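Please examine the sequence and the model shown here. The dialogue concerns how its features may be read.

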Amino acid sequence: MEISNEPAIKKPKRLTSVVWNHFERIRKADICYAVCIHCNKRLSGSSNSGTTHLRNHLMRCLKRSNYDVSQLLVAKRRKKEGALSLTTVNCDEGQRKEENIKPTILKFEQEQKKDEPINLGSVRFDQERSRLDLARMIILHGYPLAMVSHVGFKVFVKDLQPLFEVNSAIELDCMEIYGKEKQNVYEIMSRSHGRINLAVDMWASPEQAEYLCLTAHYIDENWKLQKKILNFVSLNSSHTEDMLSEVIIKCLMEWEVGHKLFSMTFHDCAINNDIAVRVKDHFSQNRPLLSSGRLLDVRCSGHVLNLIVQDCIEALGEVTQKIRESVRYVKTSQATLGKFNEIAQQVGINSQQSLFLDCPSQWNSTYLMLDAVLEHKAAFSLLQEHDPAYTVALSDTEWEWTRSITSYMKLLLEITSVLSSNKCPTANVYFPEICDVHLQLIEWCKSPDDFISSLALKMKAKFDKYWSKCSLALAVAAILDPRFKMKLVEYYYPQIYGAAAADRIKDVSDGIKEVFSVYCSMSSSPHQGVALPGSSLASPSNDSRDRLKGFDKFIHETSQNPNIVSDLDKYLEEPVFPRNCDFNILNWWKVQKPRYPVLSMMVRDVLGIPMSNVAPEDLFSTGARVLDHYRSSLNPDTRQALICTQDWLQTGLENPANPHPTQLSQLLWRQISNFPDKVKGEFSLVS
């Protein structure tokens, strides 16, 4: 084979770096230049010079268009990793002289499936949008405002997007977002036809400051239970308990929802009853639901359960301390633990529970510790005989007290777990659980052991105070559950009240009829064509030219028939709905609304009552709700803005299908909607 001696023709080197998308390479004689297409500055374009100086210029160039160049450079550096890659720009020098080629394609690999291209050619950096996004992030996750001045954060942001200027006045951006989100919430509350149930909660701080948190609970037009923090008010020494009503009234007037108030749930049974009365008196003019006030004043069930548990823990305090020391002794060394395990095997203990020390601030962990120790009772009894150094053994009486109180705590744990399993439960789920506690307290009071009976009487005194306040609200909510109706009240009350059960059942029946009669009077009032609360139909009085107002009055006067069965009577006469685990009471009433047009409006208001205002994650806590040092150090307006806005933004993320999404959820979904369907599936905004 003949080999040619002619030298090979050297082809121009391909320009593969993305920085060449922003430079034009020109040659004069034997010298190559790279001319910035944004500012026309001339730099060395020789292949020996590399591209680092071009990148540095590109980052500093202020006259170029605001392309998100830094992100493209990062994507280029990650090309070898395969997660994100830029397509190779295929061009030669001649083409590059004639036109500027911009990066347009980004490949997103989805679990090694076929690449799905995303067009980023039109992506531009927006300082204003990025600034507000940073503020939303700080609010949403509770980050400290000072993070924007941290050196590490500044370096990270500068590497990510050199064009972004971190605003040191981030607090102003947060307040701006708060103002916009507050207006959105205000409009939602104004458009809502149902009533508002207000949860009143007290907070503290490490500095012994006190705060008042007001949260609105309601069921919206789509029969979804909603809650929104309206105010987080700082209380000073001048705010006595008698003045709390004035603070609450002021907040409700600010939101203009006082006329919609249906109930108020207070955290503690010890709070003065006059607070709810003063609020009711202020807003009760021409408001029949507030005039009756049968369901207005509610107390927190989670709090009373916590008080009962704390009585148990306090009564067993010395014994619990001996148990902690016993567990600590056994786990002190491997030798002691090995000896204890041998003893446990000898006495036939096959418990799967291991010994551990509790967290005193979480009473469920204390229960689990006591339960595990009871499983190893025989082993602890023998350990005293085999190990003279073990000196904190329990007596037989102490073991019996531990067993009894642990059984009480087990019931309370089960009930609390049921209530905490639902992040925002409707009011109907509480009645059977609270009735079980009531029945058990009655039984515990009959104990022949003076220690146990005295403890039970102490717990029952606290429970009775709660029951006297909330039994009607609990019962009415249960009656409006089609699986229970009056039957559940008729089942529990004879066990609770014995011979007096008939009178108590009648009180409940009269109570629900009294509340329902108010809704009937509102729905049938001919005055100015008043519409049914919650109705989506506009009132005829909205039309100034309506000439049939007299006809409405005529229909009302001539249609009164005492023999017509009311919604409530019809509902109660029908058989109960079968119980099943998949039942959704709000969906059921949404479907049944046409059959019970008046009763369904009452149901929306009653089921929205927060029977407990303790967050699920705090139900097992033995302490008060305490604000962290960071938030307690903020000024009152900023603190309220951050806490309220965080609640609103989180609600929007948890429910992106919300008919009234927050600005953050709107923003995120608007950005994701531009992605292909396969890529959308990789994103989830549901926490």
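Predicted model: local features only at pLDDT ≥ 70, side-chain atom pairs only at ≥ 80, totals over all residues.

Q: What does the secondary structure of the protein come to, and what percentage of the residues count as buried?

A: The protein has 27 helices and 11 strands. Of its 687 residues, 45% count as buried.

Q: Which strands form the open sheet of 3 strands, and in what order?

A: The order is β1-β2-β3, and the pairing is antiparallel. An edge strand pairs on one side only, which is the case for β1 (23-28) and β3 (42-44). Neighbouring strands of this sheet are turned against each other by 35° on average, direction ignored.

Q: How many bridges join β1 to β2, and which residue is the bridge partner of F23?

A: Strand β2 (residues 31-36) is joined to β1 by 6 bridges, and the two run antiparallel. The partner of F23 is C36, in β2.

Q: Which strands of the sheet does α1 touch?

A: Helix α1 packs on the sheet and touches β1, β2 and β3. The direction of α1 makes about 150° with that of β3.

Q: Why do residues three or four places apart in an α-helix point the same way?

A: They do so because an α-helix has 3.6 residues a turn. In the present case, helix α1 spans residues 52-60, and L54, H57 and L58 are buried there. Viewed down the axis of α1, the buried residues fall within an arc of 100°, so they line one face of the helix. T52 and R60, on the other side of α1, are exposed.

Q: Which residues touch the most other members of the largest nonpolar core?

A: That core has 104 residues, and those with the most contacts to other members are F431, Y493, W589, L599 and M602. Helix α17 (residues 450-479) gives the most to this core, with 16 residues. Leaving aside residues up to four places away in sequence, F431 touches W467, L474, A475, A478, L488, V489, Y492 and Y493. Apart from this core lies another, of 41 residues, among them V247, I249, F283 and A641.

Note on methods:
Residues numbered from 1 in each chain as written. Heavy atoms only, no water. Buried < 20%, exposed > 50% of the residue type's maximum accessible area, 1.4 Å probe, protein only. Helix = DSSP H or I, 4+ residues; strand = E, 2+ residues; numbered from the N terminus. Arc of directions from axis to C-beta. Pairing = 2+ DSSP bridges. Axes fitted to C-alpha atoms, helices over the stretch in contact; angles between N-to-C directions. Contact = heavy atoms within 4.5 Å. Core = buried A, V, L, I, M, F, W, Y, C linked by side-chain atoms within 4.5 Å.
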